[in-house]
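Where do the nonpolar side chains gather, and how do the strands pair? Here is a short report on both topics.

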Amino acid sequence: MPDDRIRRIRPSDVEAAVGLAYELAEYERAPDECHLTPAQLHEALFGESPKLFGHVAEVDGEIVGFAVWFLNYSTWRGVHGIYLEDLYVRESQRGSGLGKALLAALAAECVANGYARLEWSVLDWNPATEFYKALGAVPMDEWTVNRLTDEPLRALAAQA
């Protein structure tokens, strides 16, 4: 049975979700790297052709957690999957089952839509790693995430 504290994000939730994104950046020891604005998140989620999706956790009328995600594609499986960009539950609500309920909602999206996998990245020091393993998530230790941003990204683009 679905958890009634979890639902799809609505336009009225955007401000709260941006606040949670900043809390997540603080938690991940990178507060200066978060530059998200409500207008940016609103456009990504609710613009003409949205490419980002989200769920929120709501307790007593307050948004206390969120998950934002987008579709990826597996050429090996031949179908889409979900990549979970961010999952965050306010510290006061951790241990209440909201994190698991958010993940369960995304797993249900996968199953309902025929998506082959649900994936996300976790910082090595994050204590949630054990929680994810207990759910059956398999760390992809043999894979290294690579990222281009800022000047290296622009320099490579200039070579196109």
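The text below covers the cores first, then the strand pairing.

This is a predicted model. Its largest nonpolar core holds 20 residues. I6, A57, A67, L84, L87, L98 and L102 touch the most other members. Five elements each supply at least two residues of this core: β2 (53–59), β3 (62–74), β4 (79–89), α3 (98–113) and α4 (128–134). The largest share comes from α3, with 7 residues.

Not counting residues up to four places away in sequence, L102 touches I6, H55, V56, A57, G65, F66, A67, L87, Y88 and V89.

In soluble globular proteins, nonpolar side chains tend to be buried together.

Next comes β2. It is largely enclosed by the rest of the structure, because 5 of its 7 residues are buried, that is, under 20% relative accessible area. The table lists its strand pairings.

| Strand pair | Sense | Bridges |
|---|---|---|
| β1 (residues 6–8) and β2 | antiparallel | 3 bridges |
| β2 and β3 | antiparallel | 7 bridges |

Which residue of β2 is the bridge partner of I6? The partner is A57. Both I6 and A57 are also listed among the core residues that touch the most other members. On the β3 side, G54 stands opposite V68.

β2 and β3 form a hairpin with 2 residues between the strands. There, D60 takes a positive phi near 50 degrees.

How values were computed:
Residues numbered from 1 in each chain as written. Predicted model: local features only at pLDDT ≥ 70, side-chain atom pairs only at ≥ 80, totals over all residues. Heavy atoms only, no water. Core = buried A, V, L, I, M, F, W, Y, C linked by side-chain atoms within 4.5 Å. Buried < 20%, exposed > 50% of the residue type's maximum accessible area, 1.4 Å probe, protein only. Helix = DSSP H or I, 4+ residues; strand = E, 2+ residues; numbered from the N terminus. Contact = heavy atoms within 4.5 Å. Pairing = 2+ DSSP bridges.
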